[in-house]
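Me: I would like to learn how to read a structure such as this one, feature by feature. Could you show it to me and then begin with the way helices pack?

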Amino acid sequence: SYMSANEDRTDEILKTTPPPTENNTQNKTTPSQTENDSQNKTTLSTENHSQNKTTPLTENDSQNKTTPSTENELQNNTTDTIQSPSVIPSGDVIDISGNGGVIKKIIKEGIPNTKPMEGAEVCLHYVGKFVDGKVFDSSRERGRPLKFQLGLEQVIKGWDQCVATMNTGEVVTLTCQPQYAYGSEGCPPDIPPNSTVIFEEMELVSFKKPIETTDERVEECARIKNEGNAFFKEGNYTEASRFYQKAMDVWKFVFPREDEDKKKMQDAQLPVLLNLAACQLKLKDYKGAWLSCEKSLDIDVKNVKAIFRRGQSFIGQGEFEKGKQDLITAIKLDPKNKELRKALDDLKQQEEDFKQKQQALYSKMGSMFG
């Protein structure tokens, strides 16, 4: 989706992590099943999520190029001079950005003094259009509003700026020039580069105050993870991955001072990371799986699933020896695990097949030049 990569427009998308810089140098693969943690006892959300990739959520996931990103170039150009677009709706308008880049027209006043604060989970309806009137995304058509956390760059820049000025119940028409929308790259295949976009019937339905305590974060993380688990069971690994990333975002910029709170955070994060790695393996995002496993091992260095899945990520990248070492290590930690032993046997067969292909290739090359 445009609001979030590979995501449903009904929920905010989680941002992916930067390239691996973890202390562990090896990647972990994840088993196909999701973690059934005792911590995740919250009920599943009953919202149905579509895979429309036109929502305004952004994601820095290196895999998904279809969602609008809040790239540095979009963030650093707020002072650039922008000509007011000729497509601005008629009537009184508010220039939120101060340079014509983000234009808001109030259609309906909201409840006074009910603006959301940074970090709040906001719930919005909208109809996204190009300047020619073509609709590229609509929460109203889906019948479900979009949720995201305000001010955390989970959506395009124009959205963060506009929603911060809206009261609950307010309805506006929002016009965003490319620097505040999907930028010079657009959001292929649906949004062309350098597109000015208009969001009509954009309504702030409600918002929830930011999560503050560790226990609240644990509960919210578990709730979002369970939603991801539901998608995983359906085989929708893209959506499941998005929800697991979203669950990890609950802990963004959180650095517990107390050992007890740190343990609560890590206990909540570990099953999410393991499940995320499982999705990434299914999606053949082997580097992403490696990173998720590395983070898991930072929490629990002897976690068998993390070691096993990291081994699978190595194998997926053709690094058979590293993969074999991880599988052997996992078997030593859990010698009765049949899945691990089968994976090792399969790897040996893969290595043999690879060697035969290499020999055939060299033989063919030799005959060509012999």
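Reply: Axes are lines fitted to C-alpha atoms, for helices over the stretch in contact, and angles run from 0 to 180 degrees between N-to-C directions. Helices (H or I, at least four residues) and strands (E, at least two) are DSSP runs, numbered from the N terminus. This is a predicted model, in which local features need pLDDT of at least 70 and side-chain atom pairs count only at pLDDT 80 or more, while totals for chains, interfaces and linings use all residues. Residues are numbered from 1 along each chain as its sequence is written, and side-chain values use heavy atoms, with hydrogens and water left out.

Me: How many helices and strands are there in the protein?

Reply: The protein has ten helices and seven strands.

Me: How do helix H7 and helix H8 cross?

Reply: Two packed helices are described by the angle between their axes and the distance between the axes. Here the axes of helix H7 (residues 286–299) and helix H8 (residues 304–316) come within 9 Å and cross at roughly 155°. H7 is therefore roughly antiparallel to H8, since angles under 35 degrees count as roughly parallel, over 145 as roughly antiparallel, 65 to 115 as roughly perpendicular and the rest as oblique. The crossing of H7 past H8 is left-handed, a term for a near helix turned anticlockwise from the far one by less than a right angle, with clockwise being right-handed.

Me: Which residues of H7 and H8 meet?

Reply: Contact means heavy atoms within 4.5 Å. On the H7 side the residues include Tyr-286, Trp-290 and Leu-297, and on the H8 side they include Ile-307, Arg-310 and Phe-314. By class, the contact of H7 with H8 has eight nonpolar, four polar and three charged residues, where Ala, Val, Leu, Ile, Met, Phe, Trp, Tyr, Cys and Pro count as nonpolar, Asp, Glu, Lys and Arg as charged, and the others, Gly among them, as polar.

Me: How many aromatic pairs does the structure hold?

Reply: Rings of Phe, Tyr and Trp (its six-membered ring) pair if their centres lie within 6.5 Å, and planes under 30 degrees apart count as stacked, over 60 as edge-to-face and the rest as tilted. The structure holds nine aromatic pairs. One of them joins Trp-159 and Phe-199 edge-to-face, at 5.3 Å centre to centre and with 85° between the planes. This pair links distant parts of the chain, with Trp-159 in helix H3 (residues 157–163) and Phe-199 in strand E7 (residues 197–208), 40 residues apart. Trp-159 and Phe-199 also belong to one aromatic cluster, which includes Tyr-126 and Tyr-182.

Me: Are Trp-159 and Phe-199 buried or exposed?

Reply: Buried means under 20% relative accessible area, exposed over 50%, and partly exposed in between (1.4 Å probe, protein chains only). Trp-159 is buried, and so is Phe-199. Of the 370 residues of the protein, 52% count as buried.

Me: Where is Ser-241, and what does Ser-241 touch?

Reply: Ser-241 lies in helix H5 (residues 237–249) and, at 6% relative accessibility, counts as buried. Not counting residues up to four places away in sequence, Ser-241 touches Leu-276, Cys-279 and Leu-283.

Me: What does Ile-106 touch?

Reply: Ile-106, placed in strand E2 (residues 102–108), is partly exposed, with a relative accessible area of 29%. Leaving aside residues up to four places away in sequence, Ile-106 touches Ile-94, Glu-170, Val-171 and Val-172.
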